[in-house]
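Work through the exercises below with the sequence and the model open. Try each task before reading its solution.

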Amino acid sequence: MRWFNSVTALFPILCVSGGALLLMLFEAAIGRPAAPAPGDLEALYRTRVRAALRSAFAIGVLALAAAGSAGLWLLARRAGQLDPGFLSQIVSHTAGLGGDRFALVVYAILCAGGILVLLQAGSYLRELGIDRPEFPLLVLFAVLGGMFLAAARDLLLMFIGLETLSLGTYCLVAFQRSSLKSTEAALKYFLLGSFAAAILLFGMALLYGVTGSLELSRIGKVLSLASPTAFEPVAAIGMALVVVGLAFKVSAVPFHMWTPDAYEGAPTPTTAFMAVVVKTAAFAIMMRVLLVAFPLGSPLSSAPAGWVSLLTGFALLTMVLGNFAGLMQDNVKRLLAYSSIAHAGYILIGVIVAGAVRSAVPREAERLQADALGAVLFYLVAYTLATAGAFAVLSICARDHRESTKVVDLHGLAVRSPGLAAGFLVCVLSLVGIPPTAGFFGKLYLFKLAVQAGLWPLALVGVLTSVAAAYYYLRLIVAVYMRPAETEDVAVPAPTTRGRLGIAAAALFVVALGLLPARVLSVATQSVFDLLRMQ
Amino acid sequence: MMMNSHGCRRGALPRLGLGLGLAAACGLAWAGTVWAAEAEAPPAPGGLGALAAAEGVPVVVTATASSSPADSGASLVEQYREGGGVGRQSSRTHVVLFWFGAAAALLGAIAVIVARRPMRSALGLLVVVLATAGLYLLLRAELLAALQVLIYAGAVVVLLVFVITFLDQGAVTAPGGRRLPVRVLAVAAIVYVLYLAAHELFAMGLGSRIPPAADFGSTASVGHALFTTFVIPFEAISALLLTAIVGAVAVAKGRADGTPTTAGGALSGAGESKGTPAAGHDEGGE
Amino acid sequence: MPDVGLNHYLLLGVMLFSLGAVGFVVRRNALISLMSIELMLNAANLVLVAFNRYHPVDHTGQIFALFVVAIAAAEAAVGLAIIVSLYRLRRSVGTDDADGMKG
């Protein structure tokens, strides 16, 4: 049954890659239909049905993968209780692509993000006349890259996953190829992203040189040896380069320059994809690399030359700059871009706490670390749902080859479409962190853990900047609910079931997560133990 | 020649072709010399190949033993620092060829970043690529050297040159020019960090003098590792190449967007030839 | 004649890498930026292979470099596709150098 175990453990990845291949072969086989003539309603209808089927297929594939991850997670937990060897047996058959529970949780988040993006993409792409089959295909491939990243146990697979995700995303940004803005954004994103990848690669090469291995756990063991030569300045430089490369991908502040432009220029569903899937995958690999290759007790984790101090600087800058730059934006997409930068800062707090745990008892330290990383996963779930929901409203309001991206465009949305406005309200409230929503508990957990770990300056800055951020989020809500539309030329939601479904699901889950946070948090915390005990 | 570039636009293409050919020929000749020299030089100071193989076996065993998690980190760096002490490591030819290759690579790299026209940059890149291929041979990575010439010089640089000619001397500027202080700061930071890195790396020493096994870096042994230990990354990279193909087609093929009236086969026909070569080279990449 | 060893290769790698990084930051031409990135990837490859040569237990470094070559090719293809697309757009729009981005 060896092959059965391997195939089972790889099910989510096989599902997404197989689905992508099927979709591609299918599209290639039946070819592109001729553009329908202006009056030919039947042909137009056929084109639309095909597009809907395509996107439904891709959504189904992602949903199947997410369900498979959930099933595997349960299986792994039961197996872990019955026979601890079972899971490790599965994992050892897929060496390099660990099917541990941390990866499974991240798979589920990535698939959920992909589904929300595809749900909102349909009407948007159609309105802009770019409803081409490559979009769901590239989304599937990029999600696949993100899954490689979530599962990577060595630097090689990590680099491949990162590049798959990034190349897919560059193309999704340039997808609206008749738009100068979209293409320019793609070029800028591509150049800076590849630059970051090259920096990351050089750091990996140095780490390989010092440790002689690409496996994260081996690197961790070698670097935390107690001998005096174990601390190598070369390893420190390699670590710094890797951290900088990853900071580019999560758009932490000194390396965030590409974010507002790329987010603004990209088609709105792509923007949602970047904010949700790319960021989640990048944080997943960041946690794994930092905590496995430079674990607690390694001279490269704590001060003065470790990644904790480096990330603390990034996190402070990110929270402050992200939120204050957000205050000055009139463009909703740019505003949400700065919002996503600011949220990266909050998430970094959790990673820092996991690296700064001080405890003499190893079990206790491990528990504290698991709490911190579990809180990060929880935050990622909350952030994914809320951000994807907020962008979905913007996508649906795009009409007649123009987008609604100014704050003014949202005026009076509550009157024109109360349902959409309510969904938008819930998502934005979650981004602010107002109590009955998931975002509140996400922030609460992170700040609480930071205070417990003695990192109260980080928590303080986090709370203060959240208060400042509330101002620009509230501006959006005021625009939707309290301002009448001044002109006729405002965002009118396109009638689409899929988009509404996506927003409803996102808002519903945001509230549900806010009402029952403990359940999800415990799932996240349990999963993180697999990461911390990675051999 | 650079001054009156407008005047001799007509003669530019043949001259560029000539330069390209010359650079390629020089690089290939050099790489060939390296290869010949390496093939002649005994892989280990012992002499005969059989002897080297016999020596290689215990070496590999000790190296594997020492790389157990218990003590490998310290011993690895110490190995680099102190050297294993199995006599003189590099022959005179090795030293001469290294300096030649290093000089060529550096000059090429400088050409890449200072050239005013992208075509000259591409020539510089070609020189760097070929010089690096030669250095790979010196480092006993023969498969990598061959693929470097095939893929980098044969596909990537050719693709670049093709696009540069298509773009009329490459008029595309990157969007969002970085402001001057930012650039100065960035350059200073880069130079500082890499100066530190260079300092530390140079202190690594000449490296261990344990002779590698006789078949180290041979195509057979690299291929074996590629399809056993690294088979999962190998499968994963097919997804990456597929993504690049689909993406390049999605971005560059025709301009059939916008109103349905402009969407047609006639328009996208010209563009098709842009997207497809990119994809074709990718497949060569694997 | 002084011996040549690991550190010489590493130094060369670092110099190539920094030349590429400086070129990326200084030059505004997108194609030259792309070539600078290729330069940096090449430098990283050289470092990987050099480390592998002086720690010849397995072929990990060489194989990583092999993968990087393939990835670099894919990256170049996507980057050139974007550049070509942008070139066509700018030519048809007529704004050759003005860019709509705010820096």
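## Exercise 1: Chain C by itself

Of the 103 residues of chain C, 80% count as buried. The model is a predicted one.

**Task.** State which elements chain C has, and in what order they run.

**Solution.** 
1. Count the elements. Chain C has three helices and zero strands.
2. Read them from the N terminus. The order is α-α-α.
3. Turn to the contacts in chain C with a separation of 6 or more. Residues 24 or more positions apart account for 45% of them.

## Exercise 2: Chain C against chain A

**Task.** Find which element of chain C gives the largest share of the side that touches chain A.

**Solution.** 
1. Take the totals. Chain C puts 33 residues into the contact, and chain A puts in 28.
2. List the elements of chain C that give two or more residues to this side. They are α1 (6–26), α2 (30–53) and α3 (60–93).
3. Pick the largest share. It comes from α3(C), with 16 residues.
4. Sort the side of chain C by class. There are 24 nonpolar, seven polar and two charged residues.

## Exercise 3: A helix of chain A

**Task.** Check the span of helix α6 of chain A against the expected value. Then say why α6(A) is described as largely enclosed.

**Solution.** 
1. Helix α6(A) covers residues 134–151, which is 18 residues.
2. At 1.5 Å a residue, 26 Å is expected.
3. From first C-alpha to last, α6(A) reaches 25 Å, close to that value.
4. Now test burial. 18 of the 18 residues of α6(A) are buried, so the helix is largely enclosed by the rest of the structure.

## Exercise 4: One serine

**Task.** Is A:Ser430 buried or exposed? Locate the residue and list what it touches.

**Solution.** 
1. Locate it. A:Ser430 sits in helix α17 of chain A, residues 418–432.
2. Apply the cut-off. A residue with 20 or more other C-beta atoms within 10 Å is buried.
3. A:Ser430 has 32 C-beta neighbours inside 10 Å, so it counts as buried.
4. Leave out residues up to four places away in sequence. A:Ser430 then touches A:Ala382, A:Ala386, A:Thr437, A:Ala438, A:Gly439 and A:Val510.
5. A:Ser430 and A:Gly454 are 24 residues apart in sequence, and 27 Å apart C-alpha to C-alpha.

Definitions and conventions
Residues numbered from 1 in each chain as written. Chains lettered and ligands numbered in written order. Predicted model: local features only at pLDDT ≥ 70, side-chain atom pairs only at ≥ 80, totals over all residues. Helix = DSSP H or I, 4+ residues; strand = E, 2+ residues; numbered from the N terminus. Buried ≥ 20, exposed ≤ 12 C-beta atoms within 10 Å, placed from the backbone. Contact = placed C-beta atoms within 7 Å. Nonpolar A, V, L, I, M, F, W, Y, C, P; charged D, E, K, R; others polar. Expected span 1.5 Å × (residues − 1).
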